[in-house]
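Good morning, and thank you for joining.

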Amino acid sequence: MRQDVDVDFARYVRARQHQLLRAAYLVCGDTRLAQDVLERALSTVAGRWERLRDHPDPVVRQHLYRDAVSAAKRARRDSLSAVLAAEKVSDGRDRDPVPGWEALGPELRAPVVLVHLEERGAAETAEVLGEPEDRTARHLDTAMSLLGAGSGRELGVLLDRSSQHLMEVDLAERAWATALAGQAVRRRRILSGLGGIAAVGVVVAGAQGIGRDTTPPVPPTPSPTRSVLNRLPDGTVYASMPREGKEDQLPDYDAGLPSLIDPRGRVVSLSKLRSPPSTIVAVYLRRAGTHYRAVLVPKDRTQVLVDELDLLPVSDGAGNEGLPLGPKAISTDGRSVVFAQPGAVVRLDLDSGKVGRYVVPAPDLEVAGWGEGSDVVVRTPSRSFTLDLADPAPRAVPGPVPAPATEGLGLPVTELVGETMTAGRWSASGAYLDQVVTSPVIVRGEGPIYQGLVAVDSEARTGRVLIAPESPDGLTGRFVSCCTALGWADPSTLLFRSAGYDGSWVLAWNVETGRVYDVTRLDEGGGVDYPRALALAVGSRG
């Protein structure tokens, strides 16, 4: 075990520690005890990190919940409601504790937290707690009876509120140091126990004339370096993204964005500013109840919340909910942002801070974005509309949805994802890939390849793909529709978003060379608070 904390371990802990701490707190009912339980669970994983790095969650969860139940029983602490009440008095904040929670022992709280806060199934809950399913079911029935009829519907919300006041504590280095200390103690015990045996072994070896083999070890043969560009079995040129969670090991690419876009960072309200920010580099959405609100990202300055504009989610003809911000939402001068809304396009003018609303005769608008000049193009699943916002009374002019750039090229693409971005001769978008074609290029230690990006050369009438290998455990890895095109940093370098278990990133793909670069991370919390949707004000978004 290395002395300095492993980078992947630290990233994992910082992504999960707050959620795990809240779970331990709900079971234990005491903040300090919950921290101790979590640190022990993390140190156990730290000591076995090389074996667990690809799938640490089940081990952490088992140690956390089982230890939390045992520790709470031993400590005989006050009930959770009493702790919450005392803390509410101390800082004046209403925790909205769960009614009846004080009646539950830790062995009843644990399955309730797993099922209603973490939304685990019955079989997984029983496995985490190390007990038969029928016993878990009895504990759940008893707990729900004590909490009151009908409490299951809102129980997850109440549990979330009851623990959201907890301050996050960084346990990465502490857990690693605890694992090192425990390993050193075990090593000393083993060495002291084997000391006498070793001495006898030396005597026997000398008597038998056994000497040490001094032949130097043969160094392992290095694996051959794979070319950045390769070919799929059908002849399609492809490049590969790194495994999800390894993005920060890529070389950096400066696209004019901050090194981190943090949705939990400080924001100022637009309504409280004397004037809107002069320049922005990105916009993302933040959930606000049933609505969304836009957050403007200036480079190297505090983010700005557009607090007086509530945006409804959009939906397609099948009723699937979507986000009202598309990747082409920001005008080329960076001074206007447009949003799709049911039956309308909303425009935020950053010069004046005013909002305009323009009617479009379609309730199922999916996305709005800037086209040429002052034109805004808005699309439904089956048609598009164009509005000239330079016109004092713009009218929505209907038109067809353009054919996919991949049509007729024979690429191993089953479906496009997100918007298509064009710069010069290249067009690109997110894509689902034909696994029959991609499966032969899966390397050892990687899971299936079913998504990524596709780029089409309009002059040569050819295309190439960027594949996104998945984690072999099937539980971690990139999310569905993980990769979406955001714009072109230059005529051959695509900026795109990659979202997964370990984080959300803006990456850059040079479609000519196949190389992939790290541009910026979109969160600090390992996916818990990813910015919802994203539009960039850098590069070309044609």
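In which helix does Q35 lie? Q35 belongs to helix α2, which spans residues 31-47. Please keep in mind throughout that we are looking at a predicted model.

Is Q35 buried or exposed? Its relative accessibility is 13%, and because buried means under 20%, Q35 counts as buried. Leaving aside residues up to four places away in sequence, Q35 touches L21, V169 and L171.

The structure contains five aromatic pairs. In one of them, the ring centres of F9 and W49 are 5.2 Å apart and the planes stand at 80°, so this pair is edge-to-face. F9 sits in helix α1 and W49 in helix α3, residues 49-52, so the pair ties together parts of the chain that are 40 residues apart in sequence. F9 and W49 are both buried; for F9 the relative accessible area is 0%.

F9 also pairs with W176, and here the geometry is tilted, with 5.2 Å from centre to centre and 50° between the planes. This pair links distant parts of the chain, since F9 is in helix α1 and W176 in helix α10, residues 172-207, a separation of 167 residues. W176 has a relative accessibility of 4% and therefore counts as buried. Together, F9, Y12, W49 and W176 make up one aromatic cluster.

Helix α1 brings us to a helix packing. How do α1 and α6 pack? Helix α1, residues 7-28, meets helix α6, residues 106-117, at an angle of about 145°, and their axes are 8 Å apart. The crossing is right-handed. On the α1 side, the contact is made by A23, L26, V27 and C28; on the α6 side, by P106, R109, A110, V113 and L117. Of these residues, eight are nonpolar, none is polar and one is charged.

Finally, the sheet. In what order do its three strands run? The open sheet is arranged β9-β10-β11, with antiparallel pairing. β9, residues 336-341, and β11, residues 355-359, stand at the edges with a single partner strand each, so one side of each has no neighbour in the sheet. On average, and ignoring direction, neighbouring strands of this sheet are turned by 20° against each other. Strand β10, residues 344-349, is joined to β11 by five bridges, and the two run antiparallel. Within this region, A344 stands opposite V359 of β11.

Thank you; I would be glad to take questions.

Technical notes
Residues are numbered from 1 along each chain as its sequence is written. This is a predicted model: local features need pLDDT of at least 70, side-chain atom pairs count only at pLDDT 80 or more; totals for chains, interfaces and linings use all residues. Side-chain values use heavy atoms; hydrogens and water are left out. Axes are lines fitted to C-alpha atoms, for helices over the stretch in contact, and angles run from 0 to 180 degrees between N-to-C directions. Helices (H or I, at least four residues) and strands (E, at least two) are DSSP runs, numbered from the N terminus. A crossing is left-handed if the near helix is turned anticlockwise from the far one by less than a right angle, and right-handed if clockwise. Contact means heavy atoms within 4.5 Å. Ala, Val, Leu, Ile, Met, Phe, Trp, Tyr, Cys and Pro count as nonpolar, Asp, Glu, Lys and Arg as charged, and the others, Gly among them, as polar. Two strands pair if DSSP finds at least two bridges between them. Buried means under 20% relative accessible area, exposed over 50%, partly exposed in between (1.4 Å probe, protein chains only). Rings of Phe, Tyr and Trp (its six-membered ring) pair if their centres lie within 6.5 Å; planes under 30 degrees apart count as stacked, over 60 as edge-to-face and the rest as tilted.
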